[in-house]
Amino acid sequence: TRQSAGRLSVLVTNILQLNRLENQKIRPVPIPFNLSEALSRCILDFDARLEEKDIDLEVSLDQNLLLASDEALLDLVWNNLISNAVKFTPAGGRVKISLRQERECAVVTVADSGCGMDAETLRHIFDKFYQADSSHATQGNGLGLALAKRVADLLGGSIAVESVPETGTVFTVRIPETVQHT
């Protein structure tokens with residue numbers, strides 16, 4: 001079916017991207033860009049899915065935050081984190097996305113009121129092909145968070161996760177660079 005072909009295409013693309021990232025075939029291109037606008041653009045891409053599931057979206061972005069980093073690589077991170085938040089949040093739930101400046105870092109958090117994760121899942125969440133939901137009730141290929149972690153590492157940043165089963169999950173990404181407000 002078309003849906004199966006689409007999922008296979010995403011899987012192959014993710015495998016190739018991760019392979020290039022791990023083998024240093026992708027070099028970051030740090031160019032100053034407006035991180036607030038880039039995040040807003042990524043969030044808008046999920047508008048229909050948020051509405052479909054009646055998820056309450058709370059956004060708090062420091063405006064006009066300029067970051068000298070690789071915008072295209074960071075889009076991979078934001079899209080994976082927002083996609084997971086929407087996927088694992090039940091209908092009528094809540095997703096919060098924030099951006100703030102802390103010293104010389106841009107800090108992005110993506111929080112959801114979804115199913116959360118236990119300690120065992122948290123230990124493996126950034127492993128390639130790891131999927132906590134073994135029922136495959138939610139579609140994915142276990143590469144999104146491995147990709148996000150690799151990008152954060154490559155850019156000298158970090159990605160951390162906190163989660164409580166049946167309560168929700170918070171991912172925090174820190175990207176160090178010279179950040180400034182315009």
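Here is a short walk through this structure, which is a predicted model.

Let's start with the sheet. Five strands make it up, running in the order β2-β4-β5-β7-β6, and the sheet is open with mixed pairing. At the edges you'll find β2 (56-61) and β6 (158-164), each pairing on one side only. Going from one strand to the next, the twist averages 10°.

β2 lines up with β4 (residues 94-102) in the parallel sense, and six bridges join the pair. If you want a spot to look for, D56 sits opposite R94 in β4. Helix α2 (residues 35-44) packs on the sheet here, touching β2, β4 and β5 (105-112). The direction of α2 makes about 170° with that of β2.

Next, the inside. The largest nonpolar core has 40 residues, and the ones touching the most other members are L35, W78, L81, I82, L99 and I159. L81 is a handy one to click on: leaving aside residues up to four places away in sequence, it touches V110, L145, I159, F171 and V173.

One of those contacts of L81, L145, takes us to helix α6, where L145 is among the buried residues. This helix spans residues 144-154 and is mostly covered, with nine of its eleven residues buried. Among the others tucked away there are G144, A146, R150 and L154. After α6 comes G156, which has a positive phi, near 75°.

Definitions and conventions
Residues are numbered from 1 along each chain as its sequence is written. This is a predicted model: local features need pLDDT of at least 70, side-chain atom pairs count only at pLDDT 80 or more; totals for chains, interfaces and linings use all residues. Side-chain values use heavy atoms; hydrogens and water are left out. Buried means under 20% relative accessible area, exposed over 50%, partly exposed in between (1.4 Å probe, protein chains only). Helices (H or I, at least four residues) and strands (E, at least two) are DSSP runs, numbered from the N terminus. Two strands pair if DSSP finds at least two bridges between them. Axes are lines fitted to C-alpha atoms, for helices over the stretch in contact, and angles run from 0 to 180 degrees between N-to-C directions. Contact means heavy atoms within 4.5 Å. A nonpolar core is a set of buried Ala, Val, Leu, Ile, Met, Phe, Trp, Tyr and Cys residues joined through side-chain atoms within 4.5 Å.
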